[in-house]
Each structure stands twice: as structure tokens, then as C-alpha cells.
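Dear colleague,

Please find the structure we discussed below.

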Amino acid sequence: MDYVRLGSTGLEVSPICVGCMSWGDPAKGRPWTLQENEARPLIQQAIEAGVNFFDTANVYAAGSSEEITGRALADFAQRDNIVLATKVHGRMSDGPNGQGLSRKAILQEIDNSLRRLGTDYVDLYQIHRFDPVTPVEETMEALHDVVRAGKARYLGASSMYAWQFSKMQYAALLNGWTPFVSMQNHYNLLAREEEREMLPLCADQGIGVIPWSPLARGRLTRPWDESTQRSESDAFGQSLYLDSDRQIVEAVLDVAKERGVPPAQVALAWVSSNPTVTAPIVGMSKPQHLDDALASLDIELTDDEIERLEAPYTPRLPSELPR
């Protein structure tokens, strides 16, 4: 495994990050999530392949993803060799202060995440979304205090507008607080709006980019009309893409057929070919999902192939972008 730096930091991560939303207690999450006995072999497979980067969140299956991930990593890896990331923002309890990025929510949720993960610290603590009702100064100072307390090594953010990300970074730098070093955003062949502002901002500021859903929730791995248990029950995923995206999927299938490789490898190779991208976050529910992700790192798409993959894209209006 050839490791890469996360943005301009000295942190070394594998160029593939394992997304841990695929497992958790189905009773607490989604019907397609894997139970612990099914998830553990996949986590072990990733570690044995040299993957050291794992991303979860407090809201994944109401915390049970963190529990499963933490127990498996403790059994299969040395903690110092793992880059462990989790997120905060979503609702974790009923009533006031059960979600968001207030100081109270952040400080209680980092402790809850550490308890579930069975570790003293996370390497990357990320805000899952922008909180429009909490002052950014309150959020950034609380996150800085998490780092100062030794509970997180680095800070990251996820899906938001570039102006929101800039506002939070400026608040941190102006006050001498810990800034973000990474952006986890929605980026794939069917979702390229981040090329307008967010990716250029990250490139300019040395921010590592770790895209979520690089395979468009599986859309880029199979014919357009073919469905799965997840796609049939994933209302949020159904809102992300357009009927016109069928042409892009067909282009991926054509390039993959010509190369004699699974379409997932072509779609992931395209994401990784962007120099701003550090490591796409890949969910796994079967062993071949990791095999495809790792194999994609050896694929170098030609200029002609990239043009064919990108040509059918239809730009979205701001109102069409889910946040």
C-alpha cells in the first residue's frame, strides 16, 4: 500500500478510506446494514490489505456502527497504526441539545463516540453538516477544545457550501483555534458540482478531500434500471441523482467492458484521478467491494476515456442540490 498525506498535514492515510455506514444494528439503522458477525471479516480484510483509514459517524445506526468498528479494530489492528474518523451533528437523542454543533452537543458527543469506539482519541473529528443556528465561533472553539484535550488529533468538515466552510476556517484562524484539515463532500461522476468552488478552495488551501459516495450509492456499479435492497429503501439516495444520469452510467459500463474490469473500478479511478482528492470513502458489504476499490488505484484512465465519462454530465441548479 502506498500511503498519501491528508491534505497539507503530515498524516499518512491509505488512498482508500473504508466507510463504516455499511454496518450497524439493523433495528437501529437501515434494513441493509450488516450485523457485527458479517462486518468483522470485511474490516479484517481491509486491515490485512493495508488500509488504515476508517470513517464512521455517531448517527450511523444510532452509534452501533461505532461500536462494531471499535471492537473490530481493537481485535485486528494496533491503534497507533489506524487513522480513525468519526462525525458529529445529527440527532442522537430526543429533546433539546440532542443534535447540532453547540458547545454542549460537541463536548458530550465526542465522549459518547470515544466510549462506543473504545478508544481515548479519534484521529479525525468531523462536523457532519453545517449548523445554521449555532455561531461558528462557538463551534470552532468547542472543536479546538476537543483537540486541546487530546480527544482528537485533527478536525474535518463535511458537505456544506464553500462560503460556509471558508467562514468556519476564518473564525478558527482569526482566533488561533484548530482549523479543519479535510473536507468530506459528495463527489462522483453523477455529482460534480463541487468542481465549481469547493474543490478549488480545498486545492488552494491544502485541504484533504475524502469524498463520500464515490460510486453514487452503487448507481455507477450496475445498469441504471437494476436495483438493490439498499436503493429501494434509500429515500435520501433516490433524491441525489437525475434520470439523465443514465447516460453517464452507460458510459462507465462501456469503458469498463472495453477494459475488461468491473464498472466500480472505472468510476473510482475517475474520482481518484482528481489531484485534489486524497481518498474516496468506499462502503463495503461484500469482499469484492474492497477488491474493486484497491484495483481502481492501478487504473490510469486515458484522456479519451475521461472525456467520454464526463461529457454526458448535466449541471445542477443550486435548488437541486440536497444538503
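**Salt bridges**

The structure, which is a predicted model, holds 15 salt bridges. In general, side chains of opposite charge can pair when their charged atoms come close.

One of these bridges pairs arginine 71 with glutamate 36, with 2.8 Å between the closest N and O atoms. Arginine 71 belongs to helix α2 and glutamate 36 to helix α1 (residues 36-48), so this pair ties together parts that are 35 residues apart in sequence. Arginine 71 is partly exposed, at 40% relative accessibility; glutamate 36 is also partly exposed, with a relative accessible area of 24%.

A further bridge joins lysine 151 to aspartate 111, the closest N and O atoms being 2.7 Å apart. This pair links distant parts of the chain, 40 residues apart: lysine 151 sits in the loop between α4 (136-148) and β7 (152-158), and aspartate 111 in helix α3 (residues 103-117). Lysine 151 has a relative accessible area of 26% and is partly exposed, and aspartate 111, at 37%, counts as partly exposed.

Glutamate 193 and arginine 196 also form a salt bridge, with their closest N and O atoms 2.6 Å apart. Here the two partners fall into separate classes: glutamate 193 counts as buried at 12% relative accessibility, whereas arginine 196 is exposed, with a relative accessible area of 55%.

**Buried positions**

Serine 65 is located in helix α2 (residues 64-76). Its relative accessibility is 0%, so serine 65 counts as buried, the cut-off being under 20%. Apart from neighbours within four places in sequence, serine 65 is in contact with Cys20, Met21, Trp23, Gly24, Thr56 and Tyr60.

Glutamine 265 is found in helix α10 (residues 263-272). With a relative accessible area of 10%, glutamine 265 is buried as well. Residues up to four places away in sequence aside, glutamine 265 touches Asp292, Ala295, Ser296 and Ile299.

Met1, Tyr3 and Leu297 make a nonpolar surface patch of about 250 Å². Of these residues, leucine 297 lies in the loop between α11 (287-296) and α12 (303-310), and leucine 297 counts as partly exposed at 31% relative accessibility.

Yours sincerely

Technical notes
Residues numbered from 1 in each chain as written. Predicted model: local features only at pLDDT ≥ 70, side-chain atom pairs only at ≥ 80, totals over all residues. Heavy atoms only, no water. Helix = DSSP H or I, 4+ residues; strand = E, 2+ residues; numbered from the N terminus. Buried < 20%, exposed > 50% of the residue type's maximum accessible area, 1.4 Å probe, protein only. Contact = heavy atoms within 4.5 Å. Patch = residues over 30% accessible without salt bridge, like charges linked within 9 Å, V, L, I, M, F, W, Y side chains within 5 Å. Areas by Shrake-Rupley, 256 points an atom, 1.4 Å probe, with all protein chains shown as cover. Salt bridge = Lys/Arg side-chain N within 4 Å of Asp/Glu carboxyl O.
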